[in-house]
Amino acid sequence: MIGGLFIYNHKGEVLISRVYRDDIGRNAVDAFRVNVIHARQQVRSPVTNIARTSFFHVKRSNIWLAAVTKQNVNAAMVFEFLYKMCDVMTAYFGKISEENIKNNFVLIYELLDEILDFGYPQNSETGALKTFITQQGIKSQHHTKEEQSQITSQVTGQIGWRREGIKYRRNELFLDVLESVNLLMSPQGQVLSAHVSGRVVMKSYLSGMPECKFGMNDKIVIDKQGKGGTTDDSGKSELGGSGKQSIAIDDCTFHQCVRLSKFDSERSISFIPPDGEYELMRYRTTKDIILPFRVIPLVREVGRTKLEVKVVIKSNFKPSLLAQKIEVRIPTPLNTSGVQVICMKGKAKYKASENAIVWKIKRMAGMKESQISAEIELLPTNDKKKWARPPISMNFEVPFAPSGLKVRYLKVFEPKLNYSDHDVIKWVRYIGRSGIYETRC
Amino acid sequence: MEWASQLCENRGLGSKMTDSKYFTTTKKGEIFELKAELNSDKKEKKKEAVKKVIASMTVGKDVSALFPDVVNCMQTDNLELKKLVYLYLMNYAKSQPDMAIMAVNTFVKDCEDPNPLIRALAVRTMGCIRVDKITEYLCEPLRKCLKDEDPYVRKTAAVCVAKLHDINAQLVEDQGFLDTLKDLISDSNPMVVANAVAALSEIAESHPNSNLLDLNPQTINKLLTALNECTEWGQIFILDCLANYMPRDDRESQSICERVTPRLSHANSAVVLSAVKVLMKFMEMLPKDLDYYGTLLKKLAPPLVTLLSAEPELQYVALRNINLIVQKRPEILKHEMKVFFVKYNDPIYVKLEKLDIMIRLASQANIAQVLAELKEYATEVDVDFVRKAVRAIGRCAIKVEQSAERCVSTLLDLIQTKVNYVVQEAIVVIKDIFRKYPNKYESVIATLCENLDSLDEPEARAAMIWIVGEYAERIDNADELLESFLEGFHDESTQVQLQLLTAIVKLFLKKPTETQELVQQVLSLATQDSDNPDLRDRGYIYWRLLSTDPVAAKEVVLAEKPLISEETDLIEPTLLEELICHIGTLASVYHKPPSAFVEGSRGVQHKRIPARAGSGESAESSDVGQSGPSEAPPAVIPSQGDLLGDLLNLDLAPPTATVPSVQPSMQMGAMDLLGGGLDSLLGGDIGGSPSMGAGLGVAPAAMPTALGIAPAVGGGLGDLFDLGGGVGMPTGSYVAPKTVWLPAMKAKGLEISGTFARRGGIIQMDLTLTNKAMSVMTDFAIQFNRNSFGLAPAGPLQVLTPLSPNQTIDVSLPLSTSGPVMKMEPLNNLQVAVKNNIDVFYFSCQYPLSLIFVEDGKMERQVFLATWKDIPNDNEAQFQIKDIHLNSDAASNKLQGSNIFTIAKRTVEGQDMLYQSVKLTNGIWVLAEMRIQTGNPNYTLSIKCRAPEVCQFVFLCYELVLKN
């Protein structure tokens, strides 16, 4: 298991060092600094073996977190733990920075003592931790005996993510469907790969221990219902937009509150939600993706010292919808000496430090087209190596889900308290963003 | 570590009350002040003081002097203060064992506290205090806590058993904690179950043969129930434990699989990978015609693909595992090629791994797409990545015959770019393409020859020379080309020299009339002017061949070459099986068995996949290793990179990255012959030559001729096979305790003590350096004098930080056996020079001969018999080993740990005769016969070796190993 955990600043000075196992000595701290942080070359692997000791590291801004072990540990678990550690720290004191870590070192030690025992990760849900980690406000020594046992039963219990006795005057929940659409397209407009990775993020402010059920237009569920004869046609008018009724989900993963065995057998998503904000599910689709934009590049080399670039972007969604924060990034060669740009819409600028022309458009409606053309002057070089021609990348935000996912229902049952599904105020929002959206040129 | 003081300057009188203020104590009288504050009556002041102490501890200041004062603060009902004191205790108790006892009372009291959080905290902390005296007091509280009414206390106590076991295993067994721990598997609380499973698994790992984790259907059922209810981490512990279970039949296997599959949708990637491990393993037992088997296969692909949208570090772990899964069951991901396309912004480690998997998945169906991508990658920036992409194009050509032509033309395009490293890489792979498809693409040779001058890497030069030699009859000016290389012959690397020698001999055999002068020149360069035994030996063989029987020479040198396999770097099947059982763990990331990087006994037991059940076992067994369309398992020499890894910093000469495989039978034959008949003489050569498939490996018949002329050199070259074989073997060799080699008196305050160890085929010199002088020591370096077995440091002495007065540092220096050789008196004497900023010091030490016993020292029985007879009786030496109370099996196990292998055992009239073999790094074989009379503690040992001077030292090793 994890033998020790170190946190360094960008210079390689140790900010936190907690050793769990006897086989990790103080020299391990130095070994990582010398061989990884101070290493001259780029990091070639997130796992490093130095003198039979393995180091796992992740970087957050300029802070290094490193877990150390001498055993054959579960590597995926160590990384998951490091990410979780970052989440917990962020939840407690915001951004992970050198200053914040120094200001909260006692808290961090206390957390490390609690969430890692002898190198085994223990309960790491922030909600539960906050009930008994003594630093920062909450003083557990004033707990009554009942409260104490309530804490321990929550930390070890089956519903470790929610405590009992939560009360709200207004029962409300917010559902965000956040998708990032990824594309790699050849210069000829052929889709080399495209996928949507989506997340359903929920903010719930519900009283008691509510039982929730979430439904979406998952193809498998809709098909099953269709066969059963109880088709829910009311959804049809709502869907509109893309015109397709159900989507094929390649794969999905759930927050630990979701009953996985139930999903596996009935494909229904039922759970008791944590209080506040959390990520209910993640999913991935590859079929019938609506690609909100199409990029058509044209690059022509005029002699050895000039390039002509023309890029057309076309929006491909309902005209009534508006895309926002559109940014097209056209890479330029390293030996660029000057650029002239003309664009029909938005603003375009050549940024020498980034080796790219950045074209920004605030808003753009569906089924529109816009164009930019640029002349790039090049310095003559005798560099034999050709320019690698990085792809043209794009950023945008659209108010629909490019996968076609629709929320069909989210039902809330709380048998003990007297509020019903109808009393809960529900908000649903769809946001599609660009992930890695690239067209080769 | 200066940040604390810097910080106080920067922040000045910050208005915010934050922890960083604790770093701002004045240096003068600091300890004294703290002492006063710690003894203050006010709670708040005490707490502040303890925080300051912890801050000093973090930055590495020694605050152990405050031990009694801090411990005094322990008796408080303030949980926050208590936690801080405990943190301090965990750090310093070990250095102050006597004072740590002071804390025991409070611990014991805290374990009875009404607050479960305090009970748990006490038992958790006590387990972290590694002081023998404390552990005695720990037992009673722990026993109570294991049966505590509160699950939080129980789950903490469960882990505490593992802690205690790590400190004192015997105590845990004597106190019966293991049984209590086993009972906790049936606990009502899932988290307690999970921690109990984790603790038991860890303890079981250090007792490989104990039946500790007695998994039976009932416990498995309990675990599966807990699996649905516990935290993500608990799920991982349970799944990892489940993976060690062997289901009784396919039905049980299926039902476990059914209950594990829902985990594939968990948001935590580690849960997913551990579930994949269980499924991959148990699937092996399911009959393939079962519907469920197909369903399961289909279910595995999506979660694996999803892992690729995780953070890059996890993607890397996932890709390393997918690489294994694709080798084991290519069908799972065969349609998912696209997801492995490289993204422009991927970190380089993700890019390289994706590329590897792309090649594995390449097939006729998707080759066009793959090639287009690879061509794109070949224009990227990162040199390693570009090289790998070019190499990948070559591998596609070899793997998918239909694409070979397109690949070759793509490679030619790339050569036209004239980018130096692209050209070199392309030439290396074209050589392989020529070997795979002889007489097909030779038209491109002219283009290749144009680039001859730009080649500066040995591998590319060697490849080009091979091509010229191989096609000498079609290249008009082949003699000129080769002659031009000959000018700087001595400056070339060994690889190029060997290749040049072979190429010119080939040329001579093809065009004898014009090239006689050239061949004589190269033979004399190789045999007379070179001090490289590999080169010399090969030169002599050719010379002898050519002068005695040119027709035979032609048959040998120009023999048809065995085909090279499609997959050049498949992991060897048994290793692959083992790695599949380690999915998700470090072993699967390194692609090495745990024994290669874990010290001690932990994790050394080899895991294996269960055999397929059902009636058709024998018929199906051949399917188990199915990894390609061919029926016979592909003959593969795993690339060195995979087995040994760059991580261990092994310097393996010569680098042959794409080792074309040779038919297994032939290879074995050649090795046996060399091992048995030729002893040391050719040991080195075999290591150096297989890449080009030149005459040697193919023609065992030619060997005996060589024996007569080759000079009797003791080998000495770091033998490839020795190192390669070592990694997979258990490492149990005995390591002597450190002794003082260089007393401080003689070395101006530097004291060196050390010992030698052989771990997993790697020789290490473990040193402890102590600075007993008053000033700081820096700039350490080490050198050896020539010695009998060519031991030399394989890297610099890694003393990273200056050694301050009274500081001690432990260093492990890896050694190679490729250094200069000179016979020493005694044979195992090693003269060492150590330098630091003060002076150079000399000392000598003696290493146990077992240090250079190699892992592949097990001789074939027949060879053993023949060799035994062959060695003259004068070379036999007899020894008595006294007072050994082991039976013959135990003795042979023990010896095997030190690479003394028992080949056969015979029992005659109550007397066990063990026949054993040992191979030294320089290729010398030592044969032994050990006679053990039941009831007689004295063994008789007869040792036979061609070099009788080693016998005495081998005997000493026997004695050392058996007595320890």
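A: In this predicted model, strands E4, E7 and E8 of chain B form an open sheet of 3 strands, in the order E4-E7-E8 and with antiparallel pairing. The edges are taken by strand E4 (781-784) and strand E8 (840-846) of chain B, each of which pairs on one side only. Averaged over this sheet, and with direction ignored, neighbouring strands are turned by 25° against each other. Strand E7 (residues 829-835) of chain B is joined to E8(B) by 7 bridges in the antiparallel sense, and within E8(B) it is Val840(B) that stands opposite Lys835(B).

A further set of pairings in chain B involves strand E3 (residues 762-771), which is mostly covered, with 10 of its 10 residues buried. In a regular strand the side chains alternate between the two faces of the sheet. In E3(B), Ile762(B), Gln764(B), Asp766(B), Thr768(B) and Thr770(B) point one way, while Ile763(B), Met765(B), Leu767(B), Leu769(B) and Asn771(B) point the other way, and all of these residues are buried. Strand E2 (residues 750-759) of chain B runs antiparallel to E3(B) and is joined to it by 10 bridges, with Glu751(B) standing opposite Thr770(B). These two strands form a hairpin with 2 residues between them, where Gly760(B) takes a positive phi near 55°. E3(B) also pairs with strand E6 (residues 808-816) of chain B, again antiparallel, through 8 bridges, and here the bridge partner of Asp766(B) is Ser812(B).

Among the contacts in chain A with a separation of 6 or more, 71% are between residues 24 or more positions apart. One open sheet of chain A has 9 strands with mixed pairing, in the order E11-E13-E9-E8-E23-E21-E16-E19-E18. E11(A) and strand E18 (347-351) of chain A stand at the edges with a single partner strand each, so one side of each is left without a neighbour in the sheet. Neighbouring strands here are turned by 15° against each other on average, direction ignored.

In helix H17 (residues 291-306) of chain B, the buried residues include Tyr292(B), Tyr293(B), Leu296(B), Leu297(B) and Leu300(B). The buried residues of H17(B) pack against strand E11 (251-254) and strand E13 (276-285) of chain A, together with helices H15, H16 and H18 of chain B.

Chain B also holds a helix pair, in which the axes of helix H7 (residues 116-128) and helix H9 (residues 151-167) come within 8 Å and cross at roughly 10°, which makes H7(B) roughly parallel to H9(B). Residues of H7(B) including Leu117(B), Ala120(B) and Val123(B) take part in this contact, as do residues of H9(B) including Val153(B), Ala157(B) and Cys160(B). By class, the contact has 10 nonpolar, 2 polar and 3 charged residues.

Definitions and conventions
Residues are numbered from 1 along each chain as its sequence is written. Chains are lettered from A and ligands numbered from 1 in the order in which they are written. This is a predicted model: local features need pLDDT of at least 70, side-chain atom pairs count only at pLDDT 80 or more; totals for chains, interfaces and linings use all residues. Side-chain values use heavy atoms; hydrogens and water are left out. Axes are lines fitted to C-alpha atoms, for helices over the stretch in contact, and angles run from 0 to 180 degrees between N-to-C directions. Helices (H or I, at least four residues) and strands (E, at least two) are DSSP runs, numbered from the N terminus. Angles under 35 degrees count as roughly parallel, over 145 as roughly antiparallel, 65 to 115 as roughly perpendicular and the rest as oblique. Contact means heavy atoms within 4.5 Å. Ala, Val, Leu, Ile, Met, Phe, Trp, Tyr, Cys and Pro count as nonpolar, Asp, Glu, Lys and Arg as charged, and the others, Gly among them, as polar. Buried means under 20% relative accessible area, exposed over 50%, partly exposed in between (1.4 Å probe, protein chains only). Two strands pair if DSSP finds at least two bridges between them.
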